[in-house]
Amino acid sequence: MMDDPAQARRPAVDRDDRDASRAPDRALLAAIVDSSDDAIVSKTLEGVITSWNRGAHRIFGYSKEEALGRPITMLIPPDRLREEAEIIRRIRIGERIDHFETVRLTKDGREVPISLTISAVRDDSGRIVGASKVARDITKQLQAEQALAASEARHRQLIDTLPAAVYQCGLDGRITIFNDAAVEIWGRVPEPTTDRWCGSYCMFRPDGSGVARDECPAAICLRERRSIRGSEIVIERPDGTRRTVLEHPEPILDEHGAIVGVVNVMNDITERKEAEAAMRETDRRTTAILEGLPQLIWTCTPEGSCDFVSKQWTAYTGIAAEHQLGAGWLEVVHPDDRDRVVTAWEKAVASANHEDDPNYQVEFRIQGSDGLYQWFSVSAEPLRDLSGNIIKWVGSNTNIQDIRDAEAALRYSEEKFRNLADNMSQFAWMADENWWIYWYNRRWFEYTGTSIEEMQGWGWKDVHHPDHVDRVVASVKHAWKTGKPWEDVFPLRSASGQYRWFLSRAEPIRDATGRVVRWFGTNTDITEQREAEAALQMAKEEAEAANQAKDRFLAILSHELRTPLTPVLMLASAIESDSSLPEQVRRDAAMIRDNVRLETKLIDDLLDLSRITAGKLVLQPEIVDLNESLLHVCEMCSDQFREKSLKLHCELDEGVKQISADSARLHQVFWNVLKNAAKFTPDQGEIFISTVSLTDGRYRVVIRDTGAGIETGNLKRIFEAFEQGDDFTAQRFGGLGLGLAISKALVELHNGTICASSPGVDQGATFTIELPADHGDRTADPAVSPFPAAGLDRPIRLLLVEDHAGTSGTLQRILRSHGYRVAAVATKAAALEYAAANEFDVVISDIGLPDGTGYDLVSELKQSRPIRAIAITGYGMAEDIRRSLEAGFAEHLIKPLDISQLDVAIRRVANAGQ
């Protein structure tokens with residue numbers, strides 16, 4: 001039924017649209033409400049619950065299904081039902097209720113203090129149809145307030161029970177705290193907002209002269225920041241009477257040593273001057289102290305009948321003193337405690353006349369003026385005359401409700417801890433300071449199938465694996481001795497006899513002095529984790545073995561591919577350089593040489609790609625002049641430039657100087673880019689090279705050509721291995737598409753970048769390389785001539801160890817034609833036999849021999865004489881080069897090689913021995 005006719009006439013589709021548009025907001029609101037720690041509950045005006053969030057479940061214990069549709073009164077204690085009626089009344093008139101503190105019931109009947117905020121719920125027409133409540137659990141807040149109140153009460157109790165007058169002033173001199181003894185001396189209660197330094201209006205020195213307030217001992221103590229001992233002051237009360245006191249003001253310091261106020265202890269010494277007045281003052285002070293004590297004070301006749309109760313007693317119970325005399329006080333004792341209390345009191349009274357110290361010390365509950373019962377500790381002592389007869393009983397009741405509450409809270413906390421510990425996935429245990437374990441959680445006993453009687457102390461050793469128990473005991477004793485946290489990994493036996501691995505830790509728990517008072521430990525099952533780690537390690541080892549096998553395969557493949565090319569390359573080079581042969585023959589030899597070198601380059605690229613992919617390519621950095629490196633590579637490519645009549649333009653910035661780089665690898669990068677530019681640029685085209693020094697401490701190299709260009713879609717792929725843009729390009733220009741991929745990896749190893757750009761097909765391409773500059777005070781090493789002059793006055797004697805017949809024969813002929821004396825053998829044994837009977841200058845040996853390795857050969861030769869050796873091999877991996885140098889080879893040449901390479905190496909090695 002709707003109150004608004006216009007709303008009733010509005011098409012239903014509008015409402016549906018509106019509801020649909022609000023759906024996301026409602027979903028968001030529902031998510032926020034459900035995630036709140038506070039209980040958020042809605043109800044009808046009849047008190048029926050219509051919504052219930054997770055916070056309500058957490059606080060009250062009812063699930064959403066249990067709460068919805070039930071009356072809200074299930075949460076309200078019977079003595080508070082009138083609160084609900086008043087709340088509904090105020091909600092009906094549209095009033096909001098904020099922070100209403102009350103008590104509600106949980107599902108298990110426990111009372112929980114809460115703070116309520118309640119607002120009206122309206123329908124679309126604005127009519128109030130229910131209420132929304134937000135309930136916050138204020139248990140911790142109340143506990144904190146109670147703790148603060150208890151602390152303040154103890155502070156007040158301490159001050160009020162002191163026999164001397166005490167008061168405290170702040171930095172401005174205003175009195176903040178005082179006890180009844182101080183009030184008694186002053187004769188008035190000071191006004192905290194106006195009274196300063198002293199609660200008396202007038203003060204005098206012993207000679208009768210007046211003392212100004214800011215000259216009183218407390219003011220001087222604060223101003224001069226020093227203690228004052230025994231300053232005698234005469235205080236005049238409002239009634240004109242005077243008291244003589246000794247004041248002892250002390251500065252109050254905060255934790256940083258700064259003064260924050262002054263506390264003054266006043267000792268009344270009037271008795272020493274006026275004995276009769278002092279006696280009266282003592283009686284009055286005693287009464288004031290009794291009235292100021294926080295305990296409930298009472299006295300009884302020798303027969304045990306109450307004849308006096310203090311103001312605190314009447315104030316607490318709310319019952320006049322005359323109604324509590326005799327046995328009337330029993331009316332405020334909890335009914336369940338009365339018989340026990342009466343029995344104990346009658347026994348104490350009956351035994352008092354024949355016992356020196358009758359015992360009356362009991363605890364029971366006393367009803368306060370608010371109707372609630374609180375626990376008190378009650379004790380009484382008899383006062384005797386000189387003959388030992390009891391003339392009075394004096395008793396006091398001390399409120400111990402806070403202690404009882406704290407004990408209950410501690411029991412609850414311990415129970416909660418045990419429930420948590422018993423349901424955690426780990427094993428948990430506690431030991432005393434001597435590592436005597438006295439508690440385990442339930443998980444431990446479920447796993448081990450043992451009992452606390454079996455496991456307490458050091459019984460845990462029985463479930464440890466025999467192979468580990470001694471080590472674990474030693475590590476435990478070390479932690480016990482040093483007091484440091486303990487951690488170990490070991491297997492534990494289950495109830496079925498199976499062992500599982502556990503990560504075990506223990507933390508020392510210390511008292512305020514730092515002494516270890518107990519240990520708390522856990523055991524976490526890591527069996528699956530260890531198995532997974534073992535499987536991962538095995539997989540890693542298998543992968544490493546596979547990777548090593550792949551490297552070895554590539555090395556062997558490289559050797560097998562390179563070895564047959566060596567005699568071909570050497571013969572082609574020899575024929576090309578023989579001026580006696582016809583020009584056509586020499587040109588054919590040059591073509592053969594170039595194709596062999598191209599084949600070698602493909603092998604090198606494949607090996608480089610393998611090293612890069614495996615992360616095994618290591619740079620050998622040195623100081624390199626970037627411009628000179630570029631010019632050197634240009635010279636290397638000059639034959640190709642001339643063949644195609646390409647015009648080269650160089651614009652090198654003089655500000656571009658040295659970088660730290662692997663010179664050979666840097667040449668490889670520039671050679672790949674320039675060879676690409678030359679290959680893809682048509683005859684009579686142009687290539688532009690420039691360098692520039694950037695402001696961010698980097699150098700830029702730009703290589704631009706006027707060649708075939710690159711399609712936009714292929715720009716991102718050209719730096720990928722085996723990519724050449726498209727099938728047409730691959731067929732037209734050939735190659736494997738490895739050069740740019742290797743160049744990119746090498747540039748990045750130098751912490752640089754390389755990128756390509758092109759306006760399009762047949763519009764040329766630009767490659768940009770950026771490298772970090774080296775701004776150290778260094779210069780590149782001067783170039784060393786590749787052909788040092790030989791220091792021998794006779795032909796160099798060579799021992800050639802090569803099992804490949806074609807390579808051996810070719811090498812012998814060419815080396816002899818270059819003036820070397822050559823002795824050739826095919827095995828390690830033959831080489832050792834020749835070396836034992838003949839002299840030679842340099843050994844040139846292959847690595848792979850039929851009866852051993854070149855490494856073994858050189859190592860054995862070095863045992864009998866100094867050896868200068870050169871390795872020539874198809875094995876060109878970094879590991880192969882390292883092993884050659886470690887075995888004693890001075891040079892490691894990779895097949896195929898031409899005679900010029902070998903000639904340079906022979907002369908360098910031979911000269912090194914002179």
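R404 lies over the face of W375, at 3.7 Å from the ring centre. The rule for a charge over a ring is that NZ of Lys or CZ of Arg is within 6 Å of the ring centre and within 35 degrees of the ring normal. R530 sits over the face of W501, also at 3.7 Å from the ring centre. This is a predicted model, in which local features need pLDDT of at least 70, side-chain atom pairs count only at pLDDT 80 or more, and totals for chains, interfaces and linings use all residues. Side-chain values use heavy atoms, without hydrogens or water, and residues are numbered from 1 along each chain as its sequence is written.

Next, the rings themselves. A pair of aromatic rings is described by the distance of the centres and the angle of the planes. Here, rings of Phe, Tyr and Trp (its six-membered ring) pair if their centres lie within 6.5 Å; planes under 30 degrees apart are stacked, over 60 edge-to-face, and the rest tilted. The count comes to 21 aromatic pairs. Ring pairs join F427, Y440, W444, F445, Y447 and F502 into a cluster.

Now the strands. Helices (H or I, at least four residues) and strands (E, at least two) are DSSP runs, numbered from the N terminus. Two strands pair if DSSP finds at least two bridges between them. Strand β6 (residues 165–170) and strand β7 (residues 175–178) pair in the antiparallel sense over 3 bridges. Y167 stands opposite F178 in β7. The hairpin has 4 residues between the strands, and G173 takes a positive phi near 85 degrees.

Further along is an open sheet of 5 strands, with mixed pairing and the order β23-β25-β26-β28-β27. Its edge strands, β23 (647–651) and β27 (753–757), each pair on one side only. The twist averages 15 degrees from one strand to the next; axes are lines fitted to C-alpha atoms, for helices over the stretch in contact, and angles run from 0 to 180 degrees between N-to-C directions. Strands β25 (residues 686–693) and β26 (residues 698–705) pair in the antiparallel sense over 7 bridges. The bridge partner of I689 is I703 in β26.

Two helices pack on this sheet. Contact means heavy atoms within 4.5 Å. Helix α18 (residues 626–636) touches β23, β25, β26 and β28 (766–772), and its direction makes about 165 degrees with that of β25. Helix α22 (residues 739–749) touches β27 and β28, with its direction at about 25 degrees to that of β28.
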